Amino acid sequence: MSDPIPYHVGQTVTLSQRPPYLKTADPMPMLRPADLIATDEQGTILERRPGGWAVKFTRGVFLMEESYLAIAPDSPPDNG
């Protein structure tokens with residue numbers, strides 16, 4: 001049996017640790033410097049993608065692996 005998915009679309013998350021680089025969630029993804037997002041910055045999950053999640057932060061939408069995310073303290077619980 002697989003582990004339940006810890007995140008859901010619309011949930012607020014924080015960047016728990018900074019990845020070596022950021023990958024944009026554009027149709028033609030680009031690599032961007034990791035310092036565009038602060039370590040404790042909050043973002044909103046827009047959708048599930050292969051290999052991670054599309055998360056909207058202040059400076060853009062980036063593809064993020066689960067290992068770099070944490071549920072924000074004020075995020076509503078998953079009711080599904």
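W53 counts as buried at 3% relative accessibility, where buried means under 20% relative accessible area with a 1.4 Å probe and protein chains only. This is a predicted model, in which local features need pLDDT of at least 70 and side-chain atom pairs count only at pLDDT 80 or more, while totals for chains, interfaces and linings use all residues. Residues are numbered from 1 along each chain as its sequence is written, and side-chain values use heavy atoms, with hydrogens and water left out.

**Around W53**

- The structure holds one aromatic pair, a term for rings of Phe, Tyr and Trp (its six-membered ring) whose centres lie within 6.5 Å.
- Y7 and W53 form this pair, which is edge-to-face (planes over 60 degrees apart), with 6.1 Å centre to centre and 80° between the planes.
- The pair links distant parts of the chain, since Y7 lies in the segment before strand 1 (12-15) and W53 in strand 5, 46 residues apart; strands are DSSP runs of E, at least two residues long, numbered from the N terminus.
- Y7 is also buried, with a relative accessible area of 9%.
- The charged end of R48 sits over the ring of W53, 4.7 Å from its centre, the criterion being CZ of Arg within 6 Å of the ring centre and within 35 degrees of the ring normal.

**The largest pocket**

- The volume of the largest pocket is about 260 Å³; a pocket is an open set of points on a 1 Å grid over the protein atoms alone, where a 1.4 Å probe fits, with protein on both sides within 12 Å along at least five of seven lines, and its volume is the space filled by probe spheres set on the points.
- Of the 14 residues that line the largest pocket, the closest to its centre are Y21, K23, L63, M64 and E65, lining residues being those with an atom within 4 Å of a point.
- Strand 2 (21-24), strand 5 (52-57) and strand 6 (60-64) each supply at least two residues of this lining, and strand 2 gives the most, with three.

Technical notes
Helix = DSSP H or I, 4+ residues; strand = E, 2+ residues; numbered from the N terminus. Phe/Tyr/Trp six-rings, centres within 6.5 Å; stacked < 30°, edge-to-face > 60°. Buried < 20%, exposed > 50% of the residue type's maximum accessible area, 1.4 Å probe, protein only.
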